[in-house]
Amino acid sequence: MNISVSGPKILFEWGSFHITETVVNGWIIMAVIVLLCIWLTHGLKLRNPSKKQIVAEKLVMMATNMVRDTMGEKYIGFAPYIGTLFAFSVLGSLSSLLGMRPMTGDLNTTLGWALVTFVLVQGNNIRINGLGGWLKSFVQPVAVMLPMNIIGEIANPISMAFRHFGNIASGIVISTLIYSALGALSSTILSFIPVEFINSIPILQVGLPAMLSIYFDLFTGFLQAYIFCMLTMSFVSGVE
Amino acid sequence: MDKALQFVSIPPDLWTLIFTWANLLILFLLVKKLLFKPIMNIIKQREDEVGKMYEDAQTASDHAKAMETEYTEKLANAKTQAESIVADAVQNAQARADQIVSDSQAQAASMIEGAQARIAREQKAAVEEAKGEICSMAVLMASKVIEKDLDAAAQSALIEKCMDEMGDTL
Amino acid sequence: MERAIILAASAIGAGLAMIAGIGPGIGQGYAAGKGAEAVGRQPEAKGDIMSTMLLGCAVAESTGIYGLVVAMILLFANPLINLL
């Protein structure tokens, strides 16, 4: 029995340029989100809003209120970014329920997002303290702390990226292991039937992994998306 | 087996990173434009409308209050006016009744007076008549008694005398 | 031969890396216990306690996840094998 857990497949290659499964899945999720946005905001009314309009308003207000509560009124412009990040992350993790490789189970995705957060944090720091103040903040409280401060700043995005990636990737690994274990188990159970075709049907692989993936994908996916957004918000607004 | 990236892609795959950033940026712009802008717009519009409605209600309430005071005033005016009208009418009626009473009293008095005058006149006339009759009767009786013709002058003097005597008794 | 040694050592290393799972286990258990205490003391704040606890647990999980990532690197994307 050969169990292999592979990274995202390369679907298109031209020289050093290549498009991986992650990117294509990302496009699919983007299309879903954009279509959802168009559908939700279709036919908005000022009075007697329809059910989907109430849902859309609720979603927007949730994102806005979350940003307002965590970051304060002056960072309210971050609401669309946080909402986008949350939706992208949740749907990216949940896409594994449909048999796609979860987008967030690729370190490149989460590292990319974490680097965006890093840039936002440093940019906000420069905006508030000026370039001199920003550079000075690395030698606080004493100059000896310079390497520590630099490592501390760089560790944030890496820790965020690995946290999100690790949770989803462990889900992939566990799902793969359970999937192949169930396949082996079902072929053992069916081995008393002498027909090769029937005892190769993996009956236990139907349904059971889906139950487990509800925990590993749904719960973890939501929680990690929430934490990623939360950390982004508190890092950006925590700049003094 | 298909070509694939490593499960834990260290070092990061540059192209995937670039695509991740591009995807995030595009999705951010689209979501902002397609979802947040229209929804925030409509929420703002609704807030404005609610504010306007509140204002309208306030002005309407003020207006209603003003109208109420105006009407109360008007009602009070009407009441006093009605009272004055009634009082005038009562006064007029009283005056008219008084006048009627006084008129009728006067009329009655004049009627009584007239009646008394007439009675007096009639009494006088009756007395005169009675006097005349008595006189003629007396003359007749006297002429019969004395059987003596008197001349007219003496007769009338006698009558006068007789009359005066009678008049005093009458 | 060297390849076999490296593979065996990587497998052992991955197993050792997963010892990191002890820390988050203790930490999250402690957090969950405190959360249960807090809910017992203040049942009306259950939602807030729950979300705060989940956030804290997820952050505390980081170290365990780092261990897991190291284990996965050793198992699936072994960088040491290329050093031969």
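Predicted model: local features only at pLDDT ≥ 70, side-chain atom pairs only at ≥ 80, totals over all residues.
Trainee: How much area do chain A and chain B bury between them?

Mentor: The size of an interface is often given as the accessible area lost when the parts come together. In this model the contact draws on 55 residues from chain A and 38 residues from chain B. Carbon and sulfur atoms account for 76% of the buried area, and the total is about 4300 Å².

Trainee: Which residues form the salt bridge across the interface of chain A and chain B?

Mentor: The rule finds one salt bridge across this interface.

Trainee: How many residue pairs are in polar contact between chain A and chain B, and which element gives the largest share of the side of chain A that touches chain B?

Mentor: The count of pairs in polar contact, with both residues at pLDDT 80 or more, is seven. On the side of chain A that touches chain B, the largest share is nine residues, and it comes from H1(A).

Trainee: Is Ala20(C) buried, partly exposed or exposed?

Mentor: Ala20(C) lies in the loop between helix H1 (2-17) and helix H2 (22-41) of chain C. Beyond its neighbours within four places in sequence, Ala20(C) is in contact with Thr63(C), Gly64(C) and Gly67(C). Its relative accessibility is 31%, so Ala20(C) counts as partly exposed.

Definitions and conventions:
Residues numbered from 1 in each chain as written. Chains lettered and ligands numbered in written order. Heavy atoms only, no water. Contact = heavy atoms within 4.5 Å. Buried area = accessible area lost by both parts, 1.4 Å probe. Salt bridge = Lys/Arg side-chain N within 4 Å of Asp/Glu carboxyl O. Polar contact = N/O pair within 3.5 Å; in protein donor to acceptor, adjacent residues only side chain to side chain. Helix = DSSP H or I, 4+ residues; strand = E, 2+ residues; numbered from the N terminus. Buried < 20%, exposed > 50% of the residue type's maximum accessible area, 1.4 Å probe, protein only.
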